[in-house]
Amino acid sequence: MYPRLLVDLNKLRSNLDAVAKITKEQGGCSLMIVTKGLCADPEMAKMVANHPAVDFMADSRVMNIKTYAEEARKNGKMTVLLRIPMHAEAADVVKYVDLSFNSELSTIRLLNEEAGKIGVKHNVLLMIDLGDLREGIFYQNEDQIFAAVEEILTMENINLYGVGVNLTCYGAIIPKNDNLSNLVAIARKIEEKFGIKLNMVSGGNSSSIYLIGKGELPEGINNLRLGESFLLGNDTAYGEKLPGTVSDTLILEAQIVELKEKPSIPIGEVGVDAFGQKPYYEDRGVIKRAIIAIGKQDTDIDSMEPLDEKIDILGGSSDHIILDVTKSDTEYKVGDVVRFVLGYGGMLKTATSPYVEKAYIK
């Protein structure tokens, strides 16, 4: 059935081997693999759970973690919730998640209460905001950080596992030696002030891995969280391809439902499209236009690249994407399948859509 996302598990495994070598052998960090980019696909999750180099399996949604928590724990991996827990999901968090990222004391208090109900000790990573301005206690407010630590250490059912930071996802701030060194300094101050040893100082996501190759990852950072670098082979700080990885691990296949020659510019007064945007059209004369049966509801048009380099994506609506196949060497016909490699946005939406089938190369 189409549209279909073709998942090459062999290439994903090879990518995982490559990022594990960089992160663990060269960087001396533990490896946390993030599964949300492929919506915790069960075949991918099983492969990750059985990989000997993986220490943690992480996702932003408890619903996803539920699907592989048993498999992960059976293979000695801790499950991790990346998004700050909602109060409404606290009971599920302590049941299915071994380590959650937190920045609000009210939430940690609730996790402490729920953990007590089922007799477990829940691990938390206290998030520090180094300037990207997403989650975390702002790094310059050390009094707030120390006050949070002090209260957490009094909670019977909570273990302060460490501190962490997120960069690039909101503010697009690039991880550097200087800003990550601030996180290490805060960790050391916490340890000295309270006489404890933190298990983890998590230095970010796939945007931080490039620092290992440059020899600039600060000493003291002992964990990285990798999603896109494993799934698509990218360093997300500068968009460079990581050594030993490939980007064509996922191929989107969509079927042509209409193929006609038409003008390249719509006729009539141009308003806004279905998404409230006013489109721009290039005058290409009369062209051969193919419509494929997938649209913005199921993928990110700006994050797709046709494998046929002579095809151009003209645009789309919620259910259709329009292609210019005029210059292609392939004589396409209705019913033919067009294939695309995906960027992060395309991967995220197609993997999440219930209207996109999945198939596997094993």
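Angles under 35 degrees count as roughly parallel, over 145 as roughly antiparallel, 65 to 115 as roughly perpendicular, and the rest as oblique. Axes are lines fitted to C-alpha atoms, for helices over the stretch in contact, and the angles run from 0 to 180 degrees between N-to-C directions. Helices (H or I, at least four residues) and strands (E, at least two) are DSSP runs, numbered from the N terminus.

Some ground rules. This is a predicted model, where local features need pLDDT of at least 70 and side-chain atom pairs count only at pLDDT 80 or more, while totals for chains, interfaces and linings use all residues. Residues are numbered from 1 along each chain as its sequence is written, and side-chain values use heavy atoms, with hydrogens and water left out.

Helices first. H5 covers residues 105–118, and it packs with H6 at an angle of about 10°, the axes 11 Å apart. H5 and H6 are therefore roughly parallel to each other. Who touches whom? Contact here means heavy atoms within 4.5 Å. From H5 come Leu105, Ile108 and Arg109; from H6, Ala148, Glu151 and Ile152. That contact splits into 4 nonpolar, no polar and 2 charged residues. For those classes, Ala, Val, Leu, Ile, Met, Phe, Trp, Tyr, Cys and Pro count as nonpolar, Asp, Glu, Lys and Arg as charged, and the others, Gly among them, as polar.

Next, H6 (residues 142–152) against H7 (residues 177–194). Their packing angle is about 50°, with the axes 11 Å apart. That makes H6 oblique to H7. On the H6 side we have Glu142, Ile145, Phe146, Val149 and Glu150; on the H7 side, Ile186, Lys189, Ile190, Lys193 and Phe194. The tally is 6 nonpolar, no polar and 4 charged.

Now the interior. Buried means under 20% relative accessible area, exposed over 50%, and partly exposed in between (1.4 Å probe, protein chains only). A nonpolar core is a set of buried Ala, Val, Leu, Ile, Met, Phe, Trp, Tyr and Cys residues joined through side-chain atoms within 4.5 Å. The largest one has 92 residues, and Leu38, Leu126 and Phe230 touch the most other members. Apart from it lies another core, of 12 residues, including Val34, Phe56, Ala58 and Val80. Back to Phe230: leaving out residues up to four places away in sequence, Phe230 touches Leu12, Asn15, Leu16, Val19, Ile33, Met44, Met47 and Val48.

Is Leu31 buried or exposed? Leu31 sits in strand S2, and at 0% relative accessibility it counts as buried. Its C-alpha is 25 Å from that of Ile108, 77 residues apart along the chain.

Most residues other than glycine have a negative phi, and most peptide bonds are trans. Ala40 has a positive phi of about 50°, although it is not a glycine. Ala40 lies in the loop between strand S2 (30–34) and helix H2 (42–49). At 6% relative accessibility, Ala40 is buried. Ala172 also has a positive phi, of about 60°. Look for Ala172 in the loop between strand S8 (158–164) and H7.

Then the peptide bond from Tyr2 to Pro3: it is cis, with omega near 0°. Pro3 lies in the segment before strand S1 (4–8). Tyr2 is partly exposed, at 28% relative accessible area. Beyond four places in sequence, Tyr2 touches Glu253, Gln255 and Val337. Tyr2 and Ala293 are 291 residues apart in sequence, yet 8.0 Å apart in space, C-alpha to C-alpha.
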